[in-house]
Amino acid sequence: MIELVQVSKTFNAGQPNEFTAVREVSFGIEPGRVTALRGPSGSGKTTLLGLIGGLTRPTSGRVRLDGRDTSALPERFLTELRRATFGFVFQQFQLIRGLSVLENVMLPATPTGRPYAEVRARALQLLADFDLARRAEAKAQWLSGGEAQRVAIARALINDPKVILADEPTAHLDSVLSRQILAIFADLRAQGRSVILSSHDPLVFEFGLVERVVEIRDGGVAA
């Protein structure tokens, strides 16, 4: 169970460009379901995903994971918890140019200390699962949009997280590729993982994947 309790996030506090992206948000997310944060661009969806996944800390309020207050954890412990619990799929993919597809997928497992051979074998299996085995040695910048998104999902799964966070996962894909990516998320849900995504793409909500929608407007949960 993930809980947000009166969570706010302000950037550049006390400066002329101070901006509050999230305002006193409270809601819970049940495990093993697909939850979508829906709202227009600039509504605070991406910031909320970052707060849920521990990529950023709230200015006020609390974020809890299974009753544990993650927003109060020291950075080292938060990093370990984030790495073990969450897999992140970023809107711009954020694959590292110059590295191969295989190296990109393996990268989040590097700090875990797991044996190289074990991590490599898992990465190759993930690529095979997503029909990307033939692209394992290709450089990240050589990929199509659909390939890059599948690699990003494989990378998110390398540490076997129980929660997948995806920011606008269909934003740069056509309808055919979008449906393929949503089908992958459906498979992850069938495996028992939680999927939390942000989107304002109608196709995401027409696909039949999303089980709960949280409407976000102006940094808050819409009534």
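1. Leu37 stands opposite Val214 in β9, and this position belongs to the pairing of strand β3 (residues 34-38) with strand β9 (residues 212-217), which run parallel and are joined by four bridges. Strands are taken as DSSP runs of E of at least two residues, and helices as runs of H or I of at least four, both numbered from the N terminus; two strands pair if DSSP finds at least two bridges between them.

2. On provenance, this is a predicted model, in which local features need pLDDT of at least 70 and side-chain atom pairs count only at pLDDT 80 or more, while totals for chains, interfaces and linings use all residues. Residues are numbered from 1 along each chain as its sequence is written, and side-chain values use heavy atoms, with hydrogens and water left out.

3. The sheet is open and has six strands in the order β6-β7-β8-β3-β9-β10, with mixed pairing. Its edge strands, β6 (86-89) and β10 (220-221), each pair on one side only. Helix α5 packs on the sheet, touching β6 and β7, and its direction makes about 165° with that of β6; axes here are lines fitted to C-alpha atoms, for helices over the stretch in contact, and angles run from 0 to 180 degrees between N-to-C directions.

4. Helix α6 (residues 175-190) has 16 residues and reaches 22 Å from its first C-alpha to its last, close to the 22 Å expected at 1.5 Å a residue, where the expected span is 1.5 Å times one less than the number of residues. After α6 comes Gly192, whose phi is positive, near 95°.

5. The buried residues of α6 are Ser178, Ile181, Leu182, Ile184, Phe185 and Leu188. They cover an arc of only 150° around the axis, so they lie on the same side of α6; the arc is that of the directions from the helix axis to the C-beta atoms. Buried means under 20% relative accessible area, exposed over 50%, and partly exposed in between (1.4 Å probe, protein chains only). These buried residues pack against α5 (145-157), β7 (163-167), β8 (194-199) and α7 (202-206), with contact meaning heavy atoms within 4.5 Å, whereas Val176 and Ala190 are exposed on the other side of α6.

6. Thr56, found in the loop between α1 (45-52) and β4 (60-65), is partly exposed, with a relative accessible area of 22%.
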